[in-house]
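Let's take a friendly tour of two parts of this fold. Please open the viewer and follow along.

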Amino acid sequence: MTGPTTVDEGRARPGLAGAARGRVLFGGDYNPEQWPEDTWHEDVRLMREAGVNSVTLGVFSWAKLEPSPGVREFGWLDRLTDLMHENGIGVVLATPTSSPPPWLGRLHPDTLPVDADGRTEWWGGRQHFSHSSATYRRYAAAITEDLAARYGSHPALTMWHVNNEYCTYDWGDEAAGTFRRWLRDRYATLDALNTAWGTAFWSQGYGDWQEILPPRRAHYMNNPSQVLDFKRYTSDMLLECYVAERDIVRRYSPDLPVTTNFMPMWAGQDAWRWAREEDVVSVDLYPDPRDPFGAQDGALVQDMTRSQARGPWMLMEQAAGSVNWRGVNHPKPRGLNRLWSLQAVARGADAVCYFQWRQSRQGAEKFHSGMVGHAGEQGRTYQEVKQLGAELARIGGEVTGSHSTSEVAILHEWNAWWAGAQDGRLSQEVDHPQIVRAWHRALWEAHITTDFAHPEHDLSAYKLVVVPQLYLLTDTAIGNLVAYVRGGGTLVCGFLTGVADEDDRVRTGGMDARLRELFGIRILHERWPLGPGEHAECDGFRGTLWSEEIEPLTEAGDVVAHSLYKGGELDGLPAVLRRGRAWYVSTLPEPDALRALLEGVAADAGVRPVLEGLPAQVEAVRRGDLLFVLNHGRDPVTAAVPGTYRDLLGAQQVTDSLELGRYGVAVLAR
């Protein structure tokens, strides 16, 4: 019970290309059960005018499909699916299992999740299911089986979408039982578990499997190794749910791809592991329009999703306008929806979709935008959607199936994130996702496109590998990093990396000895976290968040202190240390300094921006033979683009210089 394994490993998986068929898929979640049936034909007319070629049906339809146990009402979905087919609109059919009907929780309270305080999470919202409940899994399999049997060969069907945004946790009694079974599979014996969890601390030694519980509310801190395993277990339990439904629909539609939608940088799923089980990797992406780094946040998620997919991927959800779950929800200014959608295409998306088609009039998300907003077809949102649909149709044949490549990889791994977020860490100010964003932002602002990679992946194709922070590293991962540098690669590593092994056991010396040798560190004496507003003065920059008392290997002549701390307890000690092609950064330089550092290291490694000398707010990305140039600013700009190109969006020739208006985009072909 250490998690599901891929079935039919030798089978050639269907992918996004079969559903796209040379087009960028364009559309979104369609929830027609919220509307009178006479609205459907009006929806189809508007879809056709907007260039919609794909809709996702059934995501939240379980109560309508199965109004009482075992009863099936498919007539409405039959008519709707036929209507889509008659109008040339493909259907991504969802299993409705993310939102069980009220009767399931009423008749079977064991299907409801329980939080760490022992409180039941009731129906009335969504995601109210226990991933470990045998009853839930049985009902989920039954409705999935009947859906697949009825629609698996329908000519409108292009893809299956399992569940939606898997994100539930469960600390209940049934979860406790499956957690114990998962632990038995992982450790086999209690002695091995006690060793891995370090239960000699605080008299926690287990003498019987029945004594083990999920990490429920404790008087003081929970055992961090237990918490780490519970997060691994939760990801695996949710993955088991996905795989069970995936395998059902595959039996009926073996040539159609199956997906489920990730949430960006979501802590609850090991997305590297999940991506191996998906035919299409898809993600939901909602940057804040007011965030000055919204475009970079989008680029990070797009880079990560493309890397998990190892090719084209699907933007399953975005907002055409505002969302309704922030403290203040602003709409997207004119042109921003188009810009961010084309940014996703530039970074590998072959599908640009939304939640949802028509904005709801009732329910919890009635102020979450739709492709057709409350203002209707004359509203700005729908008019901009129409423009985007026409442009995606124009470029689809030239872009779909092509790949974006990079010479730089950022390493990210969920176990390291989970372990590093423990309660008993040295600084609550250190937030793993924010560290990753800071390093990605530095490279993005330097106009360097990046992939993401797992620390155990083959890194040999990259000229530069950066490690913002990987608190936990396996022996295999450490060996991989050492071999990468010895093979000629350049590595730049941030603080709090290689501290613990896979059981969250601190490595001797406080950092793995192989990494200390690699970076030229003799002793890491102490770590000095910085509080809010505190800085560490260094040669040429100021450090934030963290600092370290490092003694370098003085006998190694190739160890260079690139920058020293100035003043305070660490005066004269190295802040940035380099040994050959391996760099160690013991603080978080302020943004301009981090960008300058990484830009310089990248240049030394032979990495160049896609276009040199771009204005700060302009992004350039190559995808296949196409060059995307995007202006993320409100002011018009001129960018140098040496050579002669044809702009696929503007149908004009561009030679050496490109003018872009507010939020402007050009897709350039030779």
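Is the crossing of H6 and H9 left-handed or right-handed? The crossing of H6 and H9 is right-handed, meaning that the near helix is turned clockwise from the far one by less than a right angle.

## About the model

This is a predicted model, in which local features need pLDDT of at least 70 and side-chain atom pairs count only at pLDDT 80 or more, while totals for chains, interfaces and linings use all residues. Residues are numbered from 1 along each chain as its sequence is written, and side-chain values use heavy atoms, with hydrogens and water left out.

## The helix pair

Helix H6 (residues 134–151) packs with helix H9 (residues 224–252) at an angle of about 25°, their axes 9 Å apart. H6 and H9 are therefore roughly parallel to each other (angles under 35 degrees count as such).

The contact (heavy atoms within 4.5 Å) includes Tyr-136 and Ala-140 of H6, with Met-237 and Cys-241 among the residues of H9. By class, the contact has 10 nonpolar, 1 polar and 5 charged residues.

E22 (residues 618–623) has 5 of its 6 residues buried (under 20% relative accessible area, 1.4 Å probe, protein chains only). E22 and E23 form a hairpin with 2 residues between them, where Gly-624 in the turn has a positive phi of about 60°.

Key. Axes fitted to C-alpha atoms, helices over the stretch in contact; angles between N-to-C directions. Helix = DSSP H or I, 4+ residues; strand = E, 2+ residues; numbered from the N terminus. Parallel < 35°, antiparallel > 145°, perpendicular 65-115°, else oblique. Nonpolar A, V, L, I, M, F, W, Y, C, P; charged D, E, K, R; others polar. Buried < 20%, exposed > 50% of the residue type's maximum accessible area, 1.4 Å probe, protein only. Pairing = 2+ DSSP bridges.
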